[in-house]
Amino acid sequence: MKAPGAAEFVPQDAGLDELRAAAGGCRGCELYRNATQTVFGEGPDQARVVMIGEQPGDREDEQGHPFVGPAGRLLDRAMDETGIDRNQVYLTNAVKHFKFIERGSRRIHKQPGRTEIVACSAWLAAELDLLGPELVVCLGAVAAKAVLGPAVKVTELRGQLLPAPDDPAYRHEHSEHEPPGPDYRVITTVHPSAVLRAPDRSAAYAAFVADMTRVKTALDGSDSHKMGRPPVTATRAPDT
Ligand code: URA
Ligand code: SF4
């Protein structure tokens with residue numbers, strides 16, 4: 001029996017352009033029905049960093065590109081201020097279709113749930129496999145759950161440089177796309193939209209920039225070599 005979700009739409013051994021084209025026809029969950037189009041990730045295929053948002057917003061849904069609305073502008077500004085090179089960044093979302101409810105003529109963003117995150121995870125896994133980034137930046141709780149598992153709390157993790165999950169199985173539970181195992185590191189921060197909505201916007205922005213500074217530092221610390229996983233504690237005594 002075919003597993004539900006995007007997995008059956010993900011072409012094997014495909015490049016980024018083929019993945020993007022295939023994602024345009026994804027019917028892996030119900031979200032394709034009401035959204036305008038799939039919004040796939042964008043950026044250089046040599047990107048060292050993959051930044052993951054939640055899902056396309058209203059503007060992204062109309063234009064078909066990630067982070068082209070207000071949240072994207074805030075993210076751009078934070079990257080500029082911290083000196084993160086945009087040519088090294090691939091931007092994508094945990095969920096590739098806009099989820100919303102209609103209120104009059106307005107479309108109100110609705111946070112994707114576990115079903116949609118899991119359904120869409122095969123696309124994210126395929127992007128990460130193909131790009132093999134050094135660093136993955138989770139922008140907000142939905143991205144963090146997609147990468148690190150459903151139990152994560154952004155408030156506890158934000159700004160920390162973490163190894164990729166040892167067991168990415170939950171990400172691939174509905175995917176036939178099994179990578180050898182991720183060797184990137186992960187930094188989680190809040191979603192740029194949360195900064196825009198924060199009661200104290202300048203404090204929230206400063207904290208966001210502080211997290212982005214850690215991204216920059218992590219990249220600078222590994223200029224000449226690919227960041228490996230941190231050393232694994234020996235599980236048995238050395239040979240005697
Ligand atoms: N918010 C997101 O999470 N992603 C986008 O692409 C735009 C806004
Ligand atoms: Fe497919 Fe993801 Fe869109 Fe659902 S949200 S239809 S899984 S691309």
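Colleague: Which residue in strand 4 is the bridge partner of Arg103?

Modeller: Bear in mind that this is a predicted model. Strand 3, residues 100-103, pairs with strand 4, residues 106-109, in the antiparallel sense, and the pairing runs over four bridges. Within that arrangement, the residue of strand 4 that bridges to Arg103 is Arg106.

Colleague: Which residue in the turn of that hairpin has a positive phi?

Modeller: The hairpin formed by strand 3 and strand 4 leaves two residues between the strands. In that turn a positive phi, of about 65°, belongs to Gly104.

Colleague: Is Glu116 buried or exposed?

Modeller: Glu116 is part of helix 4, which spans residues 114-131. Its relative accessible area is 14%, and because the cut-off for calling a residue buried is under 20%, Glu116 counts as buried.

Colleague: Which side chain does the side chain of Glu116 join in a polar contact?

Modeller: A polar atom of the Glu116 side chain lies 2.7 Å from a backbone nitrogen, that of Gly113. The side-chain partner, in a polar contact of 3.1 Å, is Lys99.

Colleague: How many nonpolar residues does the shell around ligand 2 have?

Modeller: Ligand 2 sits in the largest cavity, and the residues around it include Cys26, Cys29, Tyr32, Lys96, His97, Cys120 and Trp123. Sorted by class, the shell has one charged and two polar residues, while the number of nonpolar residues is eight.

Notes. Residues are numbered from 1 along each chain as its sequence is written. Chains are lettered from A and ligands numbered from 1 in the order in which they are written. This is a predicted model: local features need pLDDT of at least 70, side-chain atom pairs count only at pLDDT 80 or more; totals for chains, interfaces and linings use all residues. Side-chain values use heavy atoms; hydrogens and water are left out. A residue is near a molecule or strand if one of its heavy atoms lies within 4 Å of it. On a 1 Å grid over the protein atoms alone, a cavity is a set of points where a 1.4 Å probe fits but cannot get out, and a pocket is an open set with protein on both sides within 12 Å along at least five of seven lines; lining residues have an atom within 4 Å of a point. A molecule sits in a cavity or pocket if more than half of its atoms lie within 2 Å of its grid points. Ala, Val, Leu, Ile, Met, Phe, Trp, Tyr, Cys and Pro count as nonpolar, Asp, Glu, Lys and Arg as charged, and the others, Gly among them, as polar. Two strands pair if DSSP finds at least two bridges between them. Buried means under 20% relative accessible area, exposed over 50%, partly exposed in between (1.4 Å probe, protein chains only). A polar contact is a pair of N or O atoms within 3.5 Å; within protein, one must be able to donate a hydrogen and the other to accept it, and residues adjacent in sequence count only if both atoms are side-chain atoms.
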